[in-house]
Amino acid sequence: MAKKPSSAAPSLQGAGVAYTPKKNDRVTFPHNGKDELAVVTKVSQGKVHVRLDDLRTGTVPASLLKPSDAPLPDHLKPKSFKKGDRVEFESKEGILAGTVVKGGSMVEVFLDGGALKARVPVEDLRPTTVSLPKDDPHPMDAWGVKNRKDFAELREETPAFSAEITYNGKVVLQASNNGQGGCNRYMPVSGNTYGIVDKLEADAKQWMIDNGMPEERVFEAADAWVEWKHSQAPYGMTAKGMIKDLLGGFGDDERFSPPGP
C-alpha cells in the first residue's frame, strides 16, 4: 500500500559528514542546483531515507545533509494512530476508510463493511470523517457481549475466551470456549434458566437469516454472533458483510488478511 519512490527522487553522492542524522530530523540538502527540504524517515546501513516536502522519497548520503529549522509542513509531521481511530488512505481501488486495530509504523486497519484488514504505513494514513457503517435496527440489538477475556495461549482451533452475555442491558449468561474446536458453552446466571440460552440461539438464528444466510446453512448461530459482536462489529463489519464473508463472497488479495483474534 506504500507509495513507490518517484523516479525523480534524489540519490546523491558527497563528502564531509557534517552531523549524524536520525529519524524525524528536519534536513536540507543540495539537489539539481537548489536546496531541498525534507524529513528523515529512516537511517539504515549507512543510507538516509528522506521524504521531501513535495512527498517524493529517496536516499541521500549523510554527507550532504544539514539540519534545518524550516517549519515542518503539516503533511510531514509525525503521525500516530491508536486502536479505534477512524482513518482513510489512497489505494488502487480509490480512497478506503476503516478503523485502526493496531497502531505503529505499519498500522493495521479494518476496512469498513467487509472482512478485510490492511497494513498501511502510518505516513499514508489520515483521519477520516466517513461514518462507521451500521446495520439496520434488529431485535438482536437487545443482546450484547461485555467483559470478554481472550486466552491466546489456550487457542488450538477456536478462540479461547470467557465473556458475559447481556439482554436488555442485564447479564443473563456466562459464555466460554476452551479453544479446542468445540462450540461455545453458555451458562445461565442471575436466576435465569436454560430457556434464555434457547432464546439466544433462536434470536441469533433469525438474525443470520435476516442478514442473508440461507436457513439450511445456519450453524452455531449464537457462536457466530458472539464472535462478530466482539471482534468485527466494533471495526465496521456489518452483519450483512459478515454473512457474505461466511458464504465465501470475498476474493483473495495478498495485501489483506481475514479479521478476528
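This is a predicted model: local features need pLDDT of at least 70, side-chain atom pairs count only at pLDDT 80 or more; totals for chains, interfaces and linings use all residues.
**Notebook: a look through the fold**

I started with burial: 42% of the 261 residues in the protein are buried.

Next I went through the secondary structure and got three helices and 15 strands. I also checked the contacts between residues at least 6 apart in sequence, and 47% of them join residues at least 24 apart.

Then I picked out a hairpin. Strands β3 (residues 47-52) and β4 (residues 57-60) run antiparallel and are joined by four bridges. I looked up who faces whom: arginine 51 stands opposite threonine 57 in β4. Four residues sit between the two strands of the hairpin. In that turn, leucine 55 has a positive phi of about 80°.

I found asparagine 24, a residue other than glycine, with phi near 75°. Asparagine 24 is in the segment before β1 (26-31).

Where does asparagine 147 lie? I placed asparagine 147 in strand β11, which covers residues 143-150. Its relative accessibility is 52%, and the cut-off for exposed is over 50%, so I put asparagine 147 down as exposed.

How values were computed. Residues are numbered from 1 along each chain as its sequence is written. Side-chain values use heavy atoms; hydrogens and water are left out. Buried means under 20% relative accessible area, exposed over 50%, partly exposed in between (1.4 Å probe, protein chains only). Contact means heavy atoms within 4.5 Å. Two strands pair if DSSP finds at least two bridges between them.
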